[in-house]
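Student: I've got a new model open and I'd like to learn how to read it. Can you walk me through it?

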Amino acid sequence: MNTPRATRRALLVGSLLLLAGAAQAETSTQDAIAEYREMFGDDNPAELWQSRGEALWHTARGPKQANLTACDLGLGPGVIEGAYAQLPRWFDDTQQVQDLETRLVSCVTTLQGIPREEFLKVKFGDGEKKSELEALTAYVVAASRGKPIALPMQHPAEQAAYALGKAAFSYRAGPHDFACATCHGDAGKRIRLQELPQLTTAAGAREAYTYWPAYRISQGELRTMEWRLQDCFRQQRLPQLKFGSEVAIGLTMFLAKNAEGGTLAAPGIKR
Amino acid sequence: MSDPMRIRAAVKGEKVEVKILMSHVMETGQRKDAEGAVVPAHYITKVTASCNGRDVLSADWGPSVSKNPYLSFRFKGGAKGDKLKVTWTDTAGDSRSDEVSIG
Amino acid sequence: MMLARRRFLQRLGHTGLAALTITSGLLPRVVRAADTRPAFAAEAIADALKALGIANPTKSDAIRFKAPDIAENGAAVPVEVESTLPGTREILLLVEKNPHVMSASFSFPDGTDAYVATRVKVAESSLIHAVVKTDAGAFYTDRLVKVTLGGCGG
């Protein structure tokens with residue numbers, strides 16, 4: 001005979017077991033996914049973009065028939081080692097805060113004389129259509145692998161970019177009233193089997209930011225940070241995020257600063 | 001013109017271990033592009049590898065080998081400095097060979 | 001227009017090399033050197049094996065087949081096969097639920113290990129078969145790989 005207390009206890013034990021079972025299943029799923037990722041080893045197709053980027057960097061092109069070895073990414077002309085780790089930042093010559101991608105555009109247009117629209121005609125590659133921006137980005141990013149992210153943010157414009165990024169992160173809009181924070185503002189969130197890092201904490205920001213740009217298996221392409229942000233906006237059903245816009249750079253600054261101190265592992269490989 | 005392969009070939013004990021990343025779209029012919037048009041099939045059908053002219057591997061591929069293919073194999077009888085050559089041929093009739101010195 | 005197309009078709013009809021896709025009102029799109037290998041056209045494992053001249057492979061645990069239980073994305077599933085069966089000549093990979101089951105075959109001359117690692121596309125959760133051709137006949141093993149649809153689907 002079940003007394004009310006016995007019934008309650010049975011229910012409690014039953015539901016705890018169910019939860020434990022579910023948690024167990026979830027852990028083993030995440031373990032299985034970890035095994036999948038591990039099987040790629042160090043053999044990342046991103047290397048193909050890195051090689052192409054290296055060749056582009058050293059090739060004289062455009063009306064000025066110049067290569068990019070004089071390009072200043074913040075550490076002086078031609079210095080690429082560690083450059084990505086201190087971007088986005090303020091640049092005196094362009095009088096703006098720039099991320100790696102917009103800075104590459106500046107170098108290509110200024111040093112080589114290639115018009116911006118021409119260079120950005122294929123911003124993000126698709127199969128046979130290759131993006132030079134992606135290749136150059138991969139090359140430069142790889143030269144910061146193992147370096148800690150460091151953003152002193154001493155310039156007021158850099159601080160303003162961070163503030164804008166922070167505000168944009170929580171700005172709800174679009175048909176679903178989504179903001180970045182909707183998915184990435186709390187711990188323990190997940191979409192289907194995809195665990196969502198909490199980007200407002202150092203740990204979460206590092207988990208995400210240190211692996212981008214990345215070879216995106218589902219795209220079969222190397223994807224950059226500007227692509228990643230644009231795609232997030234698309235997934236939220238927000239209007240298209242403009243390439244190199246203040247919001248794009250602000251969000252990148254926000255993520256990078258939150259991830260400060262983390263060690264860059266990019267280009268990574270992601271599903 | 002296709003992009004170069006990334007070939008890593010190194011002596012590991014008695015064997016040479018080879019790891020290759022190839023740049024190829026490996027289109028199945030079933031995908032549709034952004035405008036809704038079918039992207040024609042275009043994939044590697046044959047891969048061969050040789051060490052100082054001696055055949056060490058041959059492979060027949062279909063479109064379900066992943067895009068930007070990865071291939072790893074091992075063979076005996078190769079030494080540091082030997083030339084490892086890898087060749088692929090695809091459905092468009094294009095071919096590409098890349099060669100590295102075994103390290 | 002119709003006449004030109006017919007003549008074009010007649011010319012190509014004899015070569016047997018090209019496959020044509022014709023949409024009304026448009027010029028035919030030619031796929032140069034279409035794949036005519038029978039094994040690669042097979043839509044079922046049995047047909048692929050038949051085309052390869054392989055009859056009834058025996059299941060063997062002398063084939064080490066590593067594949068993830070869950071693939072985060074089916075576009076690239078890492079697989080690794082090593083055969084310890086003596087006289088191994090070829091390793092073949094077949095994905096049961098793919099539209100065309102035959103993925104790849106690898107031939108090993110003397111001196112090359114009966115080992116290969118690569119990445120294959122798996123359209124949906126499926127058994128992957130690793131078939132091994134040896135001097136003594138054909139053997140196989142298989143693994144189930146579950147394919148997930150990740151995140152926001154992209």
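Student: How many residues does the contact take from chain C and from chain B?

Tutor: Some ground rules come before that: this is a predicted model, where local features need pLDDT of at least 70, side-chain atom pairs count only at pLDDT 80 or more, and totals for chains, interfaces and linings use all residues. Residues are numbered from 1 along each chain as its sequence is written, while chains are lettered from A and ligands numbered from 1 in the order in which they are written. Two residues are in contact if their C-beta atoms, placed from the backbone, lie within 7 Å. Here the contact takes 30 residues from chain C and 28 from chain B.

Student: Which strands of chain C each supply at least two residues of the side that touches chain B?

Tutor: Strands are DSSP runs of E, at least two residues long, and helices are runs of H or I, at least four, both numbered from the N terminus. For chain C, the strands are β2 (29–31), β8 (102–107) and β9 (115–120). By class, that side of chain C has 16 nonpolar, 8 polar and 6 charged residues. Ala, Val, Leu, Ile, Met, Phe, Trp, Tyr, Cys and Pro count as nonpolar, Asp, Glu, Lys and Arg as charged, and the others, Gly among them, as polar.

Student: How does β4 of chain B pair with β8(C)?

Tutor: Strands of a sheet pair through backbone hydrogen bonds, either parallel or antiparallel. Two strands pair if DSSP finds at least two bridges between them. Strand β4 (residues 54–61) of chain B and β8(C) pair in the antiparallel sense over 4 bridges, and B:D60 stands opposite C:S105.

Student: And how many residues of chain C are in contact with chain A?

Tutor: There, 15 residues of chain C meet 16 of chain A. The chain C side divides into 8 nonpolar, 5 polar and 2 charged.

Student: What about chain C itself: how many helices and strands has it?

Tutor: Chain C has 3 helices and 11 strands. Of its contacts with a separation of 6 or more, 58% are between residues 24 or more positions apart.

Student: Now chain A: in what order do the strands of its open sheet come?

Tutor: The order is β6-β5-β7, 3 strands with mixed pairing. β6 (221–223) and β7 (268–270) of chain A are at the edges with a single partner strand each, so one side of each has no neighbour in the sheet. Strand β5 (residues 214–216) of chain A runs antiparallel to β6(A), joined by 3 bridges; the bridge partner of A:R216 is A:E221 in β6(A).
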